[in-house]
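Try each task before you read on.

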Amino acid sequence: MSDSVNLKAKLEAHLSPDQVTLLREAASAARSLSRPLYLVGGVVRDLLMDQPIQDIDLVVEGDVTLLARTLAENLSGDVVAHSQFNTAKVDILGQSIDIVTARHETYRRPGALPTVKPGDIQDDLRRRDFTINAMAVRLSPEPSGKLLDPLDGRRDLSAKLVRVLHPGSFRDDATRILRALRYEQRLHFRLEQDTAVLLRRDLSMLDTIGGHRLRRELALTFHEREPRPILARLAHLGVLGSLHPPLARNRDMESMLARLHHGIPRLQLLHYLAWLAYPLRPAEAEGLIARLAMPKRWAAVVRDTVSTRHFATELTSSASPAAVYRRLSGLSLEAVQVAAALETNGAARESMTRYAEEWRKVRPLLTGQDIVKLGVAQGPQVGELLDLLLEARLKGGTTTRAEERALVRQRLEEP
Ligand code: CTP
């Protein structure tokens, strides 16, 4: 069926003029080198679904470096990276494209990086994750635009199904568990029946994946246009609990997501991270940080979320703004915002929200220099006086520089 499909016109209609030029030049460079060249993966899927095209991935049968160099030379671009694994990244016409050598892959053990051998386009499609991602469009030789669909990706696109290529797929590479759910929710598809069974069966295979790779998958999920339904599925199917068992304890992750959306208008990656960390005890949070080999910023958000939540239990309606400020200043804003959005105690939520929205931005009007000019020697006393001024401003006791100067003088005159 796919043999008769030609996507040339569709390609020209969907790609930007620069992308069309780029593909034309890549095809002509490949022809001059007698190398078969294909457009592969997500771009073919998105093209067939009439979705916007983001990244262009090309596969060439044979050596990639020569093709990348020829293309870069012809269009005054740069080969910005290449590796012994026969991959190249070329920057041309304001965009970056990835070219890889067609490969055959096998996995020595679950979670290991694959053993790679050069292969043809058929091998390359068979090494992929899902049928909908395992199609190619031929660019060279002619006729260009021809669709290659040996694994029936188009059938699954029409049936709206995410289907693995073989029963060992999630065992080979358990990051595909997260990928499957990302595509399922992003495209409004379903997991094909056997794929759903395999996904549940192989959840424990997530243990074979290193922290860095898992974190990357989570980050891609957090960066999606709509992370919420994907995260709800990850919670519901036990994927989060398989990543870090204490996350299985909390049955409330999905309703927490709803509260998060209600409470914070523009959710960013670090807000979703704070949501993940929110139910954890401090030692469990450290476990999550280690499991995902988190960089400093992520680790700080996780720790700050747990500590803000703990602090909220001590917060009463009588806590002064200055006390709240002292406790929360220096903590990641995303952590405070998420802890506020998820807090069920009204007084605590109100204090944390006001801190995030107003109090954290409050500074005394006088600077340290101003205080020195009032006759205070440089040293710790300047800091103490600045704290005093901040407290007075948070309480609404001072609103002008003159009032602040008066307050400093009054304190200096006290015995
Ligand atoms: N791929 C795979 N197994 C993985 C990761 C990637 O088989 N664990 C293959 C898929 O064929 C995928 C292609 O590599 O289409 C490119 O990967 P990626 O850029 O992550 O995915 P896209 O399909 O481009 O999807 P997205 O729209 O999410 O960028």
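**Exercise 1. Find the polar contacts of the ligand and say how much of the ligand is buried.**

Step 1. Start at R128: an N or O atom in its side chain is 3.0 Å from an oxygen atom of the ligand. This is a polar contact, that is, a pair of N or O atoms within 3.5 Å; within protein, one must be able to donate a hydrogen and the other to accept it, and residues adjacent in sequence count only if both atoms are side-chain atoms.

Step 2. Before going further, note that the model is predicted: local features need pLDDT of at least 70 and side-chain atom pairs pLDDT 80 or more, while totals for chains, interfaces and linings use all residues. Residues are numbered from 1 along each chain as its sequence is written, and side-chain values use heavy atoms, without hydrogens and water.

Step 3. Turn to D173, where a side-chain N or O atom is 2.8 Å from a nitrogen atom of the ligand. At G42 a polar backbone atom is 3.3 Å from a ligand oxygen atom.

Step 4. Now the area: the ligand alone exposes 560 Å², and the protein buries 75% of that (Shrake-Rupley method, 1.4 Å probe).

Step 5. Around the ligand there are 13 residues, and R45, R128, D129, D173 and R186 come nearest (a residue counts if one of its heavy atoms lies within 4 Å).

**Exercise 2. Describe the largest pocket and explain where it lies.**

Step 1. Its volume is about 2100 Å³. A pocket is an open set of points on a 1 Å grid over the protein atoms alone, where a 1.4 Å probe fits, with protein on both sides within 12 Å along at least five of seven lines; lining residues have an atom within 4 Å of a point. The volume is the space filled by probe spheres set on the points, which are joined across faces, edges and corners.

Step 2. There are 49 lining residues, with D57, R179, R182, Y183 and R216 closest to the centre.

Step 3. Among the elements that give two or more residues to this lining are α3 (42–48), β2 (56–60) and α10 (211–223), while α8 gives the most, with seven. Helices (H or I, at least four residues) and strands (E, at least two) are DSSP runs, numbered from the N terminus.

Step 4. By class, the lining has 18 nonpolar, 10 polar and 21 charged residues. Here Asp, Glu, Lys and Arg count as charged; Ala, Val, Leu, Ile, Met, Phe, Trp, Tyr, Cys and Pro as nonpolar; the others, Gly among them, as polar.

Step 5. Why does the pocket lie between domain 1 and domain 2? Both domain 1 (8–159) and domain 2 (176–320 + 346–361) give residues to the lining, so the pocket lies between them. The bounds come from an automatic or database domain assignment.

**Exercise 3. Describe the second largest pocket.**

Step 1. This pocket holds about 270 Å³ of space.

Step 2. Its lining has 13 residues, with G263, I264, Q337, T353 and E357 nearest the centre. α19 (333–342) and α20 (346–357) each supply at least two of the lining residues.
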